[in-house]
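Work through the exercises below with the sequence and the structure at hand. Try each task before reading its solution.

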Amino acid sequence: MAISKPESNITPFYANCNIFITGASGFLGKVLAEKLLRSCPEVAGIYLLIRKKKGFDEKQRLATLTENSIFDVLRIQQPNFARKLHPILGDIECEGLSLQSADREFLIKNIDIVFHVAATVRFNEVLRRAVNMNIRGTLEILRLCEEMEHLKVMLYTSTAYSHCYRKTIEETCYPAPCSPRTIIKFVNEINNDTLNEITSSLLTQGHNTWPNNYTFTKAIAEELIMERQKRLPVAIVRPGIVNCTYNEPVRAWCDNMFGVVGFIAAGMTIMNVTLGNANNKPKLVPADYCMNAHIVAAERVASDFKKNVPTRKTIYNYVPSDASHLSYSEYIALSTENIPKYPLRAWIYPYFLFYTKCTYLYRFLTIILHYLPALLLDLFIMAKGKKPRYINVYKQIDKLSEALRHFTSNTWSMANDNVNNLFNGLNDTDKQLFPFDIDNINHKYWLELAPYGIRKYLLKEPMDEKSLEADRAIYKKMVIVHRTLVTGFYLMVLYFIYYLYTVLLQ
């Protein structure tokens with residue numbers, strides 16, 4: 001006699017609920033909306049905060065969003081899925097979220113669950129915009145939540161590196177570098193030039209220094225959440241570096257340059273040297289597993305708040321355990337295995353990315369591997385009457401390498417007991433419906449299709465066999481060119497050493 005599986009405890013929580021999501025047009029927001037629609041089909045509606053952009057209004061942007069490849073599986077399973085997606089015109093940067101009064105009233109009276117995912121994740125974002133989006137935006141969402149008549153839970157997406165001045169990060173609240181309201185008022189009253197001049201000094205508070213505006217503002221925003229933990233059902237999820245999907249809705253889906261995907265895409269195109277230690281271990285997580293953890297955590301937080309559980313958890317570090325994850329070099333090795341099978345048409349050249357901790361060696365190698373080729377390319381395109389651009393591109397890559405240096409050069413120990421307990425508390429049905437056990441994933445299975453995902457989903461290059469065969473043939477030729485150039489370079493170095501040796505003997 002077959003043993004029936006237990007019913008899900010998670011999907012009934014979302015049944016007949018109206019969900020409000022910020023950041024739905026971003027990488028994680030898309031993954032979250034798709035998963036909720038596919039695995040919790042009884043949701044009443046999902047309302048997405050969308051601002052006008054580049055002449056497109058919120059309805060037009062939602063229509064474009066639903067055409068994204070991440071919804072391809074859902075399009076087959078639920079052809080009318082878009083009927084449950086509703087745009088709410090607003091802007092996370094503005095006071096009151098720039099909501100129209102009718103929309104605000106609707107949200108207050110009808111929303112049950114809030115996922116606040118929106119943020120600017122640019123490390124070099126100007127401080128005023130970072131504060132307005134990441135701190136004031138969070139404050140405005142919380143003010144809205146306080147008015148909601150049926151709020152079950154509000155889940156905030158932070159980052160595992162919000163307090164990266166610490167080498168050990170527990171699943172607990174740490175003091176904010178400054179008062180959220182003070183920094184909001186300050187940056188919006190001071191002029192741009194003065195603010196830019198003092199930004200670096202603002203990032204150092206006492207003995208603690210934040211490496212960029214992103215982590216600084218995220219740390220302060222967490223303070224806003226924790227202020228309300230006793231009177232609102234709120235919680236914080238701190239994901240590590242979010243990478244392409246593990247399995248859902250498809251393998252290797254990605255649509256941005258963050259995580260190892262960015263390094264691979266850059267190495268497959270124009271970046272060949274970067275600052276950092278290849279043996280350090282980044283806290284990488286799959287996007288689909290990360291959002292599954294959000295969905296399950298929201299149910300747990302709502303349930304514990306309703307029952308007034310005194311030991312309820314409010315912070316979840318969604319990161320792999322210290323002993324279970326790989327080094328940058330190991331991640332890269334797995335991720336680049338299939339590059340010959342799925343080369344990029346954008347720049348078909350053999351992948352290589354050199355890590356160095358030495359600033360002087362980095363500067364030397366960037367001249368040889370970045371700026372000299374860039375100069376030749378610029379001269380070539382200038383001869384054809386076009387504007388030079390490659391030198392400027394490599395200047396931007398230099399800035400990116402410097403911005404990432406703190407993370408590629410350091411390793412952190414991060415606790416994840418709350419996340420592990422969250423997963424272990426699921427029944428077998430929910431473990432299959434919402435998998436997020438990061439410590440037991442198959443890294444090869446996860447990462448081997450990264451080049452496929454970059455080519456198909458990120459760069460949207462043709463995937464028909466004829467196009468792939470043509471690009472593979474060019475790639476093979478470029479391998480020969482690459483090896484010839486490398487051999488020639490080494491021969492030049494050997495000749496230079498021999499020349500110096502003969503001069504010294506004389």
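The exercises that follow concern a predicted model.

**Exercise 1.** Determine whether Arg 238 is buried or exposed, and which side chains it meets in polar contacts.

Solution. Step one: locate Arg 238 in strand E9 (residues 234-239). Step two: its relative accessibility is 0%, so Arg 238 counts as buried, the limit being under 20%. Step three: the side chain of Arg 238 has a polar contact of 2.9 Å with that of Glu 222 and another of 3.3 Å with that of Asn 317. Step four: Arg 238 is also in contact with Tyr 318, whose other contacts include Val 237, Pro 239 and Phe 436.

**Exercise 2.** State which parts of the chain are linked by the salt bridge between Arg 38 and Glu 248.

Solution. Step one: the closest N and O atoms of Arg 38 and Glu 248 are 2.8 Å apart. Step two: Arg 38 belongs to helix H2 (residues 27-39), while Glu 248 sits in the loop between strand E10 (241-243) and helix H10 (259-267). Step three: the two residues are 210 residues apart, and the pair links distant parts of the chain. Both are buried.

**Exercise 3.** Explain why the pair Arg 104 and Glu 147 ties together separate parts of the sequence.

Solution. Step one: the two side chains form a salt bridge, with 3.2 Å from N to O. Step two: Arg 104 is in helix H5 (residues 101-110) and Glu 147 is in helix H6 (residues 127-147), so the pair ties together parts 43 residues apart in sequence. Step three: Glu 147 has a relative accessible area of 41% and is therefore partly exposed.

**Exercise 4.** Classify Leu 505 as buried or exposed, and name the surface patch members.

Solution. Step one: Leu 505 is part of helix H19 (residues 465-505). Step two: Leu 505 counts as exposed because its relative accessibility is 61%, and the limit is over 50%. Step three: Leu 505 forms a nonpolar surface patch with Tyr 495, Phe 496, Tyr 498, Tyr 499, Leu 500, Tyr 501 and Val 503; together they have about 930 Å² of accessible area.

Technical notes
Residues numbered from 1 in each chain as written. Predicted model: local features only at pLDDT ≥ 70, side-chain atom pairs only at ≥ 80, totals over all residues. Heavy atoms only, no water. Contact = heavy atoms within 4.5 Å. Patch = residues over 30% accessible without salt bridge, like charges linked within 9 Å, V, L, I, M, F, W, Y side chains within 5 Å. Areas by Shrake-Rupley, 256 points an atom, 1.4 Å probe, with all protein chains shown as cover. Salt bridge = Lys/Arg side-chain N within 4 Å of Asp/Glu carboxyl O. Helix = DSSP H or I, 4+ residues; strand = E, 2+ residues; numbered from the N terminus. Buried < 20%, exposed > 50% of the residue type's maximum accessible area, 1.4 Å probe, protein only. Polar contact = N/O pair within 3.5 Å; in protein donor to acceptor, adjacent residues only side chain to side chain. Lists of a residue's contacts leave out its neighbours within four places in sequence.
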